[in-house]
Structures are given as structure tokens and as C-alpha cells.
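Please open the structure in a viewer and keep the selection tool at hand. The tour below moves from one selection to the next and states what is found at each stop.

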Amino acid sequence: MTAPIIEIRDVSKAYDVGRPALADLNLDVQEGDALAVLGPSGSGKSTLLNLIAGLDKPSRGSVTVAGLRVDELTETASAEYRRARIGMVFQFFNLLDDLTVEDNVLLPAQLSGIPRGKAQLRAAELLDRLGIARHTRAFPGRLSGGERQRVAVARALMNRPALLLADEPTGALDSVAAADVRALLIELNADGQTILLVTHDVALARSCATRTLELVDGKVFRDERRAVR
Ligand code: ADP
């Protein structure tokens, strides 16, 4: 078996006040998994996502993603790691409303210095695959929530990330759009994309995840793998 794509060893994260957000956490995530992280508000889900994305550092322990010690990166190296290895999708899409759909999707490639022509081919391929090619020249404000989330997913996939991180990706969507985004995530995972998502949406976890991890008070309360999705 290949090394896990995420290896978290004895990680604790404490803030100045209150109990630790994460306590002695150990977690291996295999390539190809779709891991849904569940748990009540304040259980440490966002903290875990931030540590994996290199946006925050643990107080103790190590976080290794795709062979890289993320907890030891400098700020510049951490930004480069996110650009090159991680795709991120957020509850409120985080698209730039002054840019067209295409230019939003091109951003990560542009920041990585990929030639525009080559990046445009990749963007066109992604927009086509995600069923939003007709909106290439539109501005995000004209799109529905579900379509905006599709644009956000296209942008996240632009640099072929080893890991797609999603923070409540259906949290701002109506039930039809949420079902659409669920279907999209399932399809991406079936094509081999490793996904880690944080959600309150039990339907999303149930339908999309190959494994669910439930946190309570910064600890793993339940860890279940599903043979068949
Ligand atoms: P969740 O995403 O599951 O709602 P979080 O990871 O956001 O949980 O928070 C876990 C715990 O850490 C909570 O008790 C929260 O109040 C605390 N916490 C999170 N971020 C900070 C911060 N920047 N400063 C102090 N405490 C924080």
C-alpha cells in the first residue's frame, strides 16, 4: 500500500483560552478517499482543515500531506504548497465578482506562472466537464448558487491538486443545488480525486463519503469506512 496522502501524528492545537481545539489526534487518509469530517460546532473541524491546508500550525505533533511536512513550512512555502497541491472550496464560493468565470478559474494557474494559453485549455476542459462551459464569459453574480459552486470547484481543480478540501460546500445552497454539488463531488471522487470535506450536511456525508470521521471536543469520536457508497 502506498503512503497515506495525509498523516497526522499526535496533533494537539491549543489556543490561549479554553480547552484545546484538537487533542492528541492521529489520522491517516489514503489516496482516493472521500473523507467527511462531521461533528458539532466547536468540535475542531475547521481547525483540522486549517492545519491540513497549512493555514495554521499545531501546538504539538506533525501534519504530513503528500510527503510534505506542512507544519514546518514557512509562510511562502505554505502558500506555494496550497497553490500547487491543494484545491479549496468554501461555503460562500469565494469567487471574485469582478472577474469572469474563466478568469476566476484561471487564477491559480496564473499565480503559478503557467502560460495563459495552456491554462485556458485546461480551464475550458474543466468548465466543459463541470457542465458550465456556456458561462465561460459570464460574471459570477449572474449565476445560481449551484453554478457558482461548480465554478469554485473548477478553480480548485485547476492545478490538479493532490487533495481537494471543501468547507461546508453545500452550506449556502438550496436542496436542488446541494444535490447537484453532491453529485459532482461523488463523480470527482469516482475519477480518483481525494477529497476531504467538513460538513453539517448528513446527506452529503452519507452520499459522498467513503469514510466519515466524527469529532467531539477535538477528539475522534467515530471513524467509519464504507465498503460501498
Ligand atoms: P468547528 O469547526 O468544529 O466548529 P473549530 O475548529 O472552529 O470547530 O473550533 C474548535 C474550538 O477551538 C472551539 O472551542 C473554538 O472556540 C476554538 N477556536 C477556534 N479558533 C480559535 C481561535 N482563533 N482562537 C481561540 N479559540 C479558537
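Begin by selecting N104. Apart from residues up to four places away in sequence, N104 touches L95, L96, L99, P140, V151 and R155, a contact being heavy atoms within 4.5 Å. N104 lies in helix 3, residues 101-111. Helices (H or I, at least four residues) and strands (E, at least two) are DSSP runs numbered from the N terminus. N104 is buried, with a relative accessible area of 0%; buried means under 20% relative accessible area, exposed over 50%, and partly exposed in between, with a 1.4 Å probe and protein chains only.

Before the next stop, a note on the model is in order. This is a predicted model, in which local features need pLDDT of at least 70 and side-chain atom pairs count only at pLDDT 80 or more, while totals for chains, interfaces and linings use all residues. Residues are numbered from 1 along each chain as its sequence is written, and side-chain values use heavy atoms, with hydrogens and water left out.

Now display the whole chain. The chain has 7 helices and 10 strands. Its radius of gyration is 17 Å, close to the 17 Å that the globule rule gives for 229 residues, so the chain is as compact as a globular protein of that length. That radius is taken over C-alpha atoms, and the rule is 2.2 Å times the number of residues to the power 0.38. Along its principal axes the C-alpha trace spans about 50 × 40 × 40 Å. Of the 229 residues, 51% count as buried.

Next, select helix 6, residues 175-190. At 1.5 Å a residue, its 16 residues should span 22 Å, and its end C-alpha atoms are 22 Å apart, which agrees; the expected span is 1.5 Å times one less than the number of residues. Which residues of helix 6 are buried? They are A177, A178, V181, R182, L184, L185, L188 and N189. Seen down the axis of helix 6, these fall within an arc of 160 degrees, so they line one face of the helix; the arc is that of the directions from the helix axis to the C-beta atoms. The cover over the buried residues includes strand 3 (34-38), helix 4 (116-129) and helix 5 (145-157). The face turned away from the buried side carries the exposed residues S175, V176 and A190.

Stay with V176, which is exposed at a relative accessible area of 66%. Just after helix 6, G192 takes a positive phi of about 105 degrees.

Move to D71, in the loop between strand 5 (68-69) and helix 2 (75-85). D71 counts as buried at 12% relative accessibility. A polar atom of its side chain lies 3.0 Å from the backbone nitrogen of V63. Beyond neighbours within four places in sequence, the contacts of D71 are K57, P58, G61, S62 and V63.

Finish with two loop residues. Most residues other than glycine have a negative phi. F93, in the loop between strand 6 (86-89) and helix 3, has a positive phi near 70 degrees. R160, in the loop between helix 5 and strand 7, has a positive phi near 50 degrees. Are these residues buried or exposed? F93 counts as buried at 10% relative accessibility, whereas R160 counts as exposed at 57%.

Methods
A polar contact is a pair of N or O atoms within 3.5 Å; within protein, one must be able to donate a hydrogen and the other to accept it, and residues adjacent in sequence count only if both atoms are side-chain atoms.
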